[in-house]
Amino acid sequence: MSLHDGSTGNTPGYLKKPQILARTNVAKSRLFQIESLDLRFSNGEERQFERLTGADRGAVMIIAMPDPEHVLLIREYAAGFEDYVLTLPKGLVDPGEDIVTAANRELMEECGFGAHRIEPLVELSLAPNYMRHRMQVLMATDLYPKRLPGDEPEPLVVETHAIEELPALLLREDFHEARAIAALYIARDKLREEKRNNAMDLL
């Protein structure tokens, strides 16, 4: 059954946000804070939710393309999996930075390249039931060599992969970060659409 009231807003008219009855800080570390929320939903049901909170500075993920067919990926240690993973360069937005400046800085720190052209592509979230974290995905093209010192504990391995070979990447055991996968598919489809439009213009 589909419920729809014709509303064009982000929240359908039949959904009313639950009332927050109480907030409690459960635990805090150097990077994370766990907050407990006591909620009362519009139907009277009450539940307790826990979520991760933090500085909410924002973060960027970069699809850096040294040429129209390839993308740069980095290999870095992921403590959550206790193993090295292949993913896109990314990082937090520093105070006073906009997302384009942050993306260019992270690209220089992690890949040794800057970009003459950086454009926002999409905003992604991760586990929204448990955290408010949002990732701004940007596409970087017209690259040039430029290295800035970063805060990584060891040099990152930078690899170049064909963006049309995403199905092959998905078969690898070290490539599984959902945000990176989504970002690359969105970028690939955008590039395909641009190629189709350019071909139509030439007809």
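Predicted model: local features only at pLDDT ≥ 70, side-chain atom pairs only at ≥ 80, totals over all residues.

Colleague: Which residues line the largest cavity, and how do they divide by class?

Modeller: The lining is formed by Pro68, Glu69, Ile163, Glu164, Arg188, Leu191, Arg192 and Lys195. Glu, Lys and Arg count as charged, whereas Pro, Ile and Leu count as nonpolar. The lining therefore has five charged residues, three nonpolar residues and no polar ones.

Colleague: Why is the pair formed by Phe41 and Phe49 called tilted?

Modeller: The structure holds two aromatic pairs. In the pair of Phe41 and Phe49, the ring centres lie 6.2 Å apart and the planes stand at 45°.

Colleague: What makes Phe41, Phe49, Tyr77 and Tyr84 partly exposed?

Modeller: The relative accessible area is 28% for Phe41 and 33% for Phe49. For Tyr77 the value is 45%, and for Tyr84 it is 36%. Buried means under 20% and exposed means over 50%, with partly exposed in between. Phe41 is therefore partly exposed, and so is Phe49. Tyr77 is likewise partly exposed, as is Tyr84.

Colleague: Which residues of the largest nonpolar core touch the most other members?

Modeller: This core has 22 residues, and those that touch the most other members are Met61, Ile63, Leu73, Leu88, Phe175, Ala183 and Leu184. Two or more residues each come from strand S4 (59-64), strand S5 (70-78), strand S9 (134-145), helix H2 (166-170) and helix H3 (178-202). H3 gives the most, with six residues.

Colleague: With which residues is Phe175 in contact, leaving aside its neighbours within four places in sequence?

Modeller: Phe175 is in contact with Leu73, Leu86, Leu169, Leu170, Ile181 and Leu184. Contact here means heavy atoms within 4.5 Å.

Colleague: What volume does the largest pocket have, and which residues lie nearest its centre?

Modeller: Its volume is about 1,800 Å³. Of the 40 residues in its lining, Leu31, Phe32, Lys90, Leu92 and His133 lie nearest the centre. Helix H1 gives the most to this lining, with four residues. By class, the lining divides into 16 nonpolar, eight polar and 16 charged residues.

Colleague: How much space lies in the second largest pocket, and which element gives the most to its lining?

Modeller: The second largest pocket holds about 450 Å³ of space. Of its 14 lining residues, Pro18, Leu37, Leu39, Arg51 and Pro128 are the closest to its centre. Strand S3 gives the most, with three residues. The lining has nine nonpolar, one polar and four charged residues.

Terms used
Residues numbered from 1 in each chain as written. Heavy atoms only, no water. Core = buried A, V, L, I, M, F, W, Y, C linked by side-chain atoms within 4.5 Å. Buried < 20%, exposed > 50% of the residue type's maximum accessible area, 1.4 Å probe, protein only. 1 Å grid on protein atoms, 1.4 Å probe; cavity = no way out; pocket = protein on both sides within 12 Å on 5 of 7 lines; lining within 4 Å. Phe/Tyr/Trp six-rings, centres within 6.5 Å; stacked < 30°, edge-to-face > 60°. Points joined across faces, edges and corners; volume = space filled by probe spheres on them.
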